Every structure is written in structure tokens, then in C-alpha cells.
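Here is a short tour of a two-chain model, written for someone who likes to keep the coordinates open while reading. Please load the structure and follow along.

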Amino acid sequence: MEHDPQKDEFKRDLLIYFSIIALTGLIVTLSHLHKVWGMFLIVPIACTEAGILAFFFMHLMTKKKTIHLVLLLTLIVFLTLLFWPAWDVAYSPRTPSEFTHF
Amino acid sequence: MSSHPHLHDSDLVPYKVIPREDTGLYNAKFGIWLFLASEIMLFGSLFSAYILLRVGSFSWPVQSEFLNVPIGAINSVILLSSSIFFIRAWVALKADDIVKYKKFMWLVISFAILFLCFKSVEYYQHFSHHEYPKSSVFLALYFLLTGLHALHIIGGIAVNIYYAGPGMYLRKENKQWFINRVEVAGLYWHFVDLVWIFLFTTLYLL
């Protein structure tokens, strides 16, 4: 019996599609439960969804080092920009401000 | 006369179709990844602003009470469906099935417009309750993030309409080049979907 690579690819894409939908349903459910442990799971699950989408739909599972290098540099710069001010906010004295009040 | 075996005299820009030896990518693919890296910085900076403002605030609203989580979830499914339709369109294009390609591309466009319709309904609900960007820090961030994302959707719709419609003439000029262009547009579209996953999680669920 011959394997049709197109059909195999289509089945794989469908599997990925329903996996991401299922994970979306899971994080919505966790959000509705209002449990502390649930809140800590939501972000990692969302990152997993994004990772699955990036790896398969955006072909990040490619062996092209150029793409990985571009994204790695971006990630390093982004994390630096994120955590440098966060460190500053965490260790600076807080003052009431209309910009920090809801 | 060009000495390169794959270049014609009319090809002033090389590597439009064949990949470069050093990067292993053709020009447009390398370009789109650089562009997506800049987009990661754009949305990343806004997400980090959100995180810092939320962490630094004395009080923060229960976001799910302000936002319509069912509509957000439906929008997630819509955008993900449009992503998979795009993949099917690209596969059909590579297989020279133009009818299927056009069908799936117009499905992508229709689902994107449907996403914007649901987004408009959400915005209308907010405005009818007098919830504007100036009302609070949270709403300002919500409208900024989702508004910027919606603008990206609109841009993607314009590109997809071009490649599903008038841009089809490019295929007659150079088939592989057109396939590459559609692939690159697809990468952008999947990125927009990826951003929505984080937007939905951060704004609607946390």
C-alpha cells in the first residue's frame, strides 16, 4: 500500500490543529476554575500552543540555523528589555501614582 | 550575459527562488524572518509594558469581568482555522491545483474578516458601556494591544486578497517565485495567529 505524503501531511496538520484547540479549551477551563495552581499552568500551556504552531506551521523544525539565530538574538534582546526594568521595579521604592491605580 | 547557471539577464536580484548558499534561504524568507523578529520586539515591548504596569499597580481589575471570554475563545478558533486553511492553500498551490488554492485562500480571508467582525462586536460592547481607552490603564492596554493586532490582521487580509486575486498574474511570470511569496505571506499570517494566542491568554484569562 503506497503512502501518500500529502495525505500524511494533511492528517498531521489536522492533529496539530485539534491539539491547539484542545489546549485552548484547557486554558479557558483552568481560567474559569479560579484556582491558584491553575493560573500557574495557563502561561506554560499557552507557550506550548505557540510552540506547536511555530514548530509545525511556521516550519521552525527546519534545520536552517539562520532562522534559529535570528530568533535567538531576538529572544535575548526581548528578555533583557523585559527583565531589566522588572528588576528595577521590584527593587525600587513604590510611590502612589495615578498611573498605577486601576 | 550572466555567467551564473541559474540566472537570466533579466534577474537583477539573485536568490529570489533558489536559496543562498550561506543562509540556506531565499531572499524573501530571510527577509520575512527578520521582519517577524522586529514584530516580536514590537509586541514584546507592549507585553512587557503590560506586565510592568500590572505588577507595579496597587490594584488591577478582574479582566475576565471586563472582557468577553467566549468571544475571545471563538476568535482563537477562527484564527487558528484560517491558519490551517492557509497551509492547505499553499499545499494546493505547490501541487498546481489553482482552484483549491483560491478556495482555501478565500476561506482564509473570510475567516479573518469574521475575526474582525467579532472584534468589532466586542469593541461596540465596550463603547456602549462607556469603556474607553482613557477609562483605565487596563483598558488602555487592552485597546492598544488588540487594536494593533487588528491592524495586522487588516494588513494580512490585504496581502491575501492580492495573492488570491489580482496578484495571480505573478504566477505566470515565475511559478516558484509566486509559491515562495505565498509561503512568506503564510509565515506572517501564522505569526499573527501566534500573537493572538498570547493576547487571549494575557488579557482574557489571567
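Just after α1(A), H34(A) adopts a positive phi of about 55°. This is a predicted model, in which local features need pLDDT of at least 70, side-chain atom pairs count only at pLDDT 80 or more, and totals for chains, interfaces and linings use all residues. Residues are numbered from 1 along each chain as its sequence is written, while chains are lettered from A and ligands numbered from 1 in the order in which they are written.

H34(A) sits in the loop between α1 and α2 of chain A. Helices here are DSSP runs of H or I with at least four residues, strands are runs of E with at least two, and both are numbered from the N terminus. Is H34(A) buried or exposed? H34(A) is exposed, because 10 other C-beta atoms lie within 10 Å. For these labels, buried means 20 or more other C-beta atoms within 10 Å of a residue's own, exposed means 12 or fewer, and partly exposed is in between, with C-beta atoms placed from the backbone. Between the C-alpha atoms of H34(A) and K65(A), 31 residues apart along the chain, the separation is 42 Å.

The 29 residues of α1(A) should span 42 Å at 1.5 Å a residue, and the end C-alpha atoms of α1(A) are 42 Å apart, which agrees. That expected span is 1.5 Å times one less than the number of residues. Buried in α1(A) are Y17(A), I20(A), T24(A), I27(A), V28(A) and S31(A). An α-helix has 3.6 residues a turn, so residues three or four places apart point the same way. The buried residues of α1(A) pack against α2 of chain A and against α2 (63-66), α3 and α7 of chain B.

## The two chains

Here are the chains, one per row.

The domain assignment, which is automatic or from a database, gives chain A domain 1 (7-58) and domain 2 (63-89). The centres of domain 1 of chain A and domain 2 of chain A, taken over C-alpha atoms, are 23 Å apart. Along the principal axes, the C-alpha atoms of chain B fill a box of roughly 70 × 35 × 20 Å.

## Where they meet

The contact draws 37 residues from chain A and 42 residues from chain B; two residues are in contact if their C-beta atoms, placed from the backbone, lie within 7 Å. On the side of chain A that touches chain B, α3(A) gives the most, with 12 residues.

## The nonpolar core

A nonpolar core is a set of buried Ala, Val, Leu, Ile, Met, Phe, Trp, Tyr and Cys residues joined through C-beta atoms within 7 Å. The largest one has 54 residues, and those touching the most other members are F85(B), A89(B), M105(B), V108(B), W196(B), F200(B) and L203(B). Helices from both chains each supply at least two residues of this core, including α1 and α2 of chain A. The most comes from α7(B), with 15 residues. Leaving aside residues up to four places away in sequence, F85(B) touches F104(B), L107(B), V108(B) and F111(B).
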